[in-house]
Amino acid sequence: MTIYPDFYKDFQCKADKCQHTCCAGWEIDIDEKTAGKYQTLPGALGDTIRENIIAVAGTWQFRLRADDRCPFLRQDGLCELIRTAGESVLCDICTNHPRFFVTVGPYELAGVGLSCEKSCELLLAGSGPLSFHDEDGTKVTLSSLLQQLGLQLPAEDLCYQRGLTREDAAFVLDCLQQTEPIDAAWTAQLAQLREMQLAADAGVPQVFDRIYQYILYRALEHVPVHGMGAVLSYAQLNTDFIYLAAQLTGQLDESIRRWSEQIEYSTENVRILLESLA
């Protein structure tokens with residue numbers, strides 16, 4: 001049985017309207033089946049693809065340009081492979097990103113990663129608590145999903161805990177400082193956050209409950225190894241960080257997206273945080 005968040009089926013790639021393309025700055029692995037197809041693809045398209053892929057440690061990848069952009073990413077932000085041959089020519093990661101599917105107990109939990117600006121827009125567009133549905137369209141609350149997974153939690157653990165203090169903020173930044181930085185801008189922002197004065201009268205929008213709940217949902221796959229307590233602390237800590245970053249920048253959606261690049265899409269950084277909170 002697959003579970004989806006309430007906005008999942010509304011996702012549609014922004015393509016050339018995206019300001020932060022997923023076709024740049026990331027290694028793009030090619031699954032074995034598609035790599036085999038590329039090796040035998042006839043014509044000029046097949047020749048061009050083969051000229052722009054490379055085997056690294058036994059895995060085929062697209063050979064990124066000097067600016068770390070996919071060789072098939074056009075200047076207008078569109079994909080030359082899709083424009084030439086349609087989506088069927090894409091490898092699995094290009095077809096599915098930013099979607100994820102993880103198995104937790106008897107369920108497959110699906111969602112979209114928050115490094116994608118469209119995913120952030122959809123998460124923030126909703127009102128009220130995050131909800132889910134199954135393949136039949138039946139609504140599933142976070143509480144009922146946790147119960148079905150054998151995880152009994154008090155109601156307060158299902159919402160973001162407000163009231164962040166300076167000491168709390170320092171702890172959050174100390175934890176994030178332990179992670180491997182994605183780039184120099186991330187490190188610089190951590191330094192800025194340490195100097196920032198918390199606004200005493202700053203209210204916390206209701207949407208932070210949805211952010212917290214989504215991070216919690218995304219991390220449920222780690223409960224068997226790290227325990228529910230660490231996963232709850234992980235969700236709280238990362239939502240605290242997003243709150244701090246949004247206070248600094250005034251951009252909640254971009255604060256979520258950058259957090260996701262640094263943490264959600266780094267298995268090593270997720271592990272570092274979970275182990276530090278266990």
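**Close-up views of a predicted model**

**View 1. The buried residues of helix α5 pack against strand β6 (107–112), helix α9 (207–219) and helix α12 (252–264).** Helix α5 itself spans residues 117–125, and its buried residues are Glu117, Ser119, Cys120, Leu122 and Leu123. Buried stands for under 20% relative accessible area, exposed for over 50% and partly exposed for what lies in between (1.4 Å probe, protein chains only), while contact requires heavy atoms within 4.5 Å. Helices (H or I, at least four residues) and strands (E, at least two) are DSSP runs, numbered from the N terminus. This is a predicted model, in which local features need pLDDT of at least 70 and side-chain atom pairs count only at pLDDT 80 or more, whereas totals for chains, interfaces and linings use all residues. Residues are numbered from 1 along each chain as its sequence is written, and side-chain values use heavy atoms, with hydrogens and water left out.

**View 2. Ser260 lies in helix α12, one of the elements against which the buried residues of α5 pack.** With a relative accessibility of 0%, Ser260 counts as buried. When residues up to four places away in sequence are not counted, Ser260 touches Leu114, Ser115 and Tyr265.

**View 3. Val231 is situated in helix α11, which runs over residues 228–249.** The relative accessibility of Val231 is 0%, so this residue counts as buried. Once the neighbours within four places in sequence are set aside, the residues in contact with Val231 are Leu216, Ala219, His222, Val223 and Leu274. Gln177 lies 54 residues from Val231 along the chain, and the C-alpha atoms of these two residues are separated by 19 Å.

**View 4. Three strands form an open sheet in the order β2-β4-β3, and their pairing is antiparallel.** Strands β2 and β3 are the edge strands, each of them pairing on one side only; two strands pair if DSSP finds at least two bridges between them. Strands of a sheet pair through backbone hydrogen bonds, either parallel or antiparallel. Between β2 (residues 29–30) and β4 (residues 59–62), the antiparallel pairing extends over 2 bridges. Asp29 has Gln61 as its bridge partner in β4, and Ile30 has Trp60 as its bridge partner in that strand.

**View 5. Strands β3 and β4 form a hairpin, with 2 residues between them.** Strand β3 (residues 53–56) pairs with β4 in the antiparallel sense, and this pairing comprises 4 bridges. In the turn of the hairpin, Ala57 adopts a positive phi of about 50 degrees.

**View 6. Ala15 and Asp68 each have a positive phi although neither is a glycine.** Most residues other than glycine have a negative phi, and most peptide bonds are trans. The phi of Ala15 is about 50 degrees, and this residue is found in the loop between β1 (2–5) and β2. A relative accessible area of 33% places Ala15 among the partly exposed residues. For Asp68, phi is about 65 degrees, and the residue sits in the loop between β4 and α3 (80–85). Asp68, too, is partly exposed, its relative accessible area being 41%.

**View 7. The peptide bond that joins His97 and Pro98 is cis.** Its omega is about 5 degrees. Pro98 belongs to the loop between helix α4 (92–96) and strand β5 (99–104).

View 8. Along the principal axes, the C-alpha atoms fill a box of roughly 60 × 45 × 35 Å. Of the 278 residues in the protein chain, 45% are buried. Among contacts between residues at least 6 apart in sequence, 72% join residues at least 24 apart.
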